[in-house]
Amino acid sequence: MSIGGGSDAVAVATARMVRSFIDYARWPIRREPMTICVVGTPSHASRLDELTLIDGRRVAARAVTPASLAASGCDVAYFGRVDPAAMRQALIAVRGKGVLTVAENDPQCRSQAMFCLRQDRASLAFAVNIDAISRSGLRIDPRVLRIADGAST
Amino acid sequence: MTRRASPEGLPTLRQHLAQVHLRLILFAVTLAAASLLVSGVLVTRNYAQRNLDLIANTVGYTVEPAIVFGDPQAAREGIVSVADVSTVDRVELRDRAGKLFMEWSHPRAGLHSGLERMTNKLLWAKPSIHAVRHSGEIIGEVRVYGNSEGILRYALSGAIIALACLGLTVMATRILARRLQQEVIAPLSQLAEVSQSVRAERAFHRRLPPSGIAEIDQFGRDFNALLAEIEGWHQGLTSENAELARRATHDPLTGLGNRVLFEQTLAEAAAVSVRSGTSFAVVYLDADNFKQINDLHGHDGGDAALAAMAERLRTAIRQGDQAFRLGGDEFAVVVPALTSPDQVESVKSRIEQAMERPFLLPNGAYAVAELSAGIAVFPDDGKSPEALLRRADKEMYREKTRRRAASRGVSNA
């Protein structure tokens with residue numbers, strides 16, 4: 001996904017990518033509106049609150065602490081800059097509970113986040129953690145996995 | 001059987017048949033090959049069209065996330081994973097606004113010829129189009145352009161097979177023509193040969209062999225029957241002619257050659273003698289007492305006497321000598337290839353000896369023929385048949401006179 005011009009171009013691209021993740025994921029229960037919880041200090045999450053899904057559902061974003069994530073009832077968790085230990089604990093806490101997890105700042109995808117953003121100067125890409133996806137309690141369209149960096153092609 | 005055209009320049013039956021067969025088979029094979037080829041191309045194109053639709057569909061499904069994520073590279077990989085087959089020439093991916101998102105062409109070597117490009121345009125004028133949907137919403141469009149390489153290959157191999165079939169059938173035509181020649185033309189040429197030899201050599205004994213084909217066999221039997229009839233007529237005519245010829249040159253009473261044959265024989269003998277330098281003799285005979293026998297025993301008696309004389313004459317001469325009745329009571333013998341005058345003298349004495357015995361007449365009486373003979377030898381006594389005859393006649397009269405004088409002397413004594 002290329003990053004366009006403008007001061008918040010990266011934020012726009014990030015929002016589009018997160019929206020695409022949501023589009024290709026299936027929750028056990030369909031909820032409206034969807035809730036994105038932003039954990040820690042994000043760099044490009046400014047546009048997440050304005051998302052509208054392709055089926056017309058709106059998406060609301062709010063900030064939560066890592067400790068309160070599991071109890072916040074979020075559908076999506078977006079991790080900004082956050083203490084790795086706290087992040088791991090939060091991720092383990094939401095495992096199997098139907099929360100789509102995206103890490104903004106983990107290009108190697110070593111945390112247990114399902115999707116990890118990768119950004120270079122011109123484009124935005126992502127990696128996946130297959131183990132995390134399989135334990136997430138969500139159904140992710142396998143075609144998305146093929147698009148991920150490092151996916152076997 | 002020659003393959004050449006007949007002397008008149010008309011095509012032979014075999015050429016005719018072979019030509020007709022060839023045309024028929026060429027027509028049939030071309031028709032079959034063309035219809036098979038056309039229907040095959042149409043069916044193949046139909047299947048290829050469905051295949052393209054399927055590929056467009058699959059490409060659409062595969063690249064849908066790539067469009068959503070805005071990842072042309074992933075889209076390209078998706079296209080390659082599905083559309084990298086020989087029936088696809090080009091795949092276009094357009095986004096919702098119709099802008100080209102990704103384009104992929106099948107990598108082909110020099111095989112991508114002008115012919116292929118032309119047939120591509122002809123057969124796949126329109127691409128197979130499939131809309132890419134994401135959650136029911138159209139987010140883009142796939143266009144798959146077909147490639148005619150497979151169809152071209154099919155058409156080419158079909159054409160080659162058709163050509164091979166044509167070659168085979170042309171060969172089969174020749175074999176067929178040869179068989180036809182054996183079954184139809186050979187009997188016909190035999191017929192021509194037989195009728196020609198009948199006409200030229202009067203070979204009426206010739207017959208056509210039986211044929212394996214009913215019509216020709218029937219024809220051959222009719223022809224043979226006709227030949228048998230002609231042969232019968234011809235034989236009758238020949239024997240009649242021979243009888244007529246014999247009658248013309250033979251004396252009916254005695255069966256000896258007549259004067260005509262005698263003159264012919266004499267002329268031939270003279271010619272042979274002149275050519276070969278040999279000699280021959282004529283013995284002229286005359287019955288002295290024929291008139292008396294006739295007067296005494298009637299004409300039947302005279303005829304019987306003449307027949308008896310002829311019979312004795314015939315037995316007395318050697319093989320090769322020829323006896324003739326020249327008319328009335330005159331006879332002649334031609335003695336050919338004389339090596340010494342004694343030979344003819346011995347012939348003469350044997351004749352006289354044969355005549356000494358009396359013969360029985362129809363009325364039961366016996367009579368003795370009294371013959372006077374004169375000899376003339378060619379060429380000593382005459383160089384022409386006429387001169388020879390005159391000399392023999394003279395000799396004969398001299399002897400007749402002498403015999404009369406002798407018999408008178410005996411009766412006087």
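## Aromatic pairs

Over all chains, the structure holds nine aromatic pairs. The model is a predicted one. One of the pairs joins Tyr24(A) and Phe69(B), which are stacked, with 6.1 Å centre to centre and 20° between the planes. This pair crosses between chains: Tyr24(A) is in the loop between helix 1 (9-23) and strand 1 (25-26) of chain A, and Phe69(B) is in the loop between helix 1 (13-68) and helix 2 (72-83) of chain B. Both Tyr24(A) and Phe69(B) are buried.

The pair of Phe219(B) and Phe223(B) has ring centres 6.4 Å apart and planes at 35°, so it is tilted.

## Aromatic cluster and charges over rings

Tyr24(A) and Phe69(B) also belong to one aromatic cluster, together with Phe21(A), Phe115(A) and Phe126(A).

In chain B, two charged residues are placed over tyrosine rings. The charged end of Arg90(B) sits over the ring of Tyr145(B), at 4.0 Å from the ring centre. Lys400(B) lies over the face of Tyr397(B), with 5.9 Å to the ring centre.

## Helix 5 of chain B

Phe219(B) and Phe223(B) are both in helix 5 (residues 214-249) of chain B, and because they are four residues apart, about one helical turn separates them. An α-helix has 3.6 residues a turn, so residues three or four places apart point the same way.

Helix 5 of chain B has 36 residues, and at 1.5 Å a residue it should span 52 Å; the C-alpha atoms at its ends are 52 Å apart, so the two values agree. Besides Phe223(B), its buried residues are Ile216(B), Asp217(B), Gly220(B), Asn224(B), Leu227(B) and Thr249(B). The cover over these buried residues includes helix 4 (149-201) and helix 6 (259-276) of chain B.

## Largest pocket

The largest pocket has about 500 Å³ of space. Its lining comprises 27 residues, and those nearest the centre are Arg16(A), Ile67(B), Val68(B), Phe69(B) and Gly70(B).

Elements giving two or more residues to the lining are helix 1 and strand 7 (124-128) of chain A, along with helix 1, helix 2 and strand 2 (100-105) of chain B. The most comes from helix 1 of chain A, which gives four residues.

Definitions and conventions. Residues numbered from 1 in each chain as written. Chains lettered and ligands numbered in written order. Predicted model: local features only at pLDDT ≥ 70, side-chain atom pairs only at ≥ 80, totals over all residues. Heavy atoms only, no water. Phe/Tyr/Trp six-rings, centres within 6.5 Å; stacked < 30°, edge-to-face > 60°. Buried < 20%, exposed > 50% of the residue type's maximum accessible area, 1.4 Å probe, protein only. Lys NZ or Arg CZ within 6 Å of the ring centre and 35° of its normal. Expected span 1.5 Å × (residues − 1). Contact = heavy atoms within 4.5 Å. 1 Å grid on protein atoms, 1.4 Å probe; cavity = no way out; pocket = protein on both sides within 12 Å on 5 of 7 lines; lining within 4 Å. Points joined across faces, edges and corners; volume = space filled by probe spheres on them.
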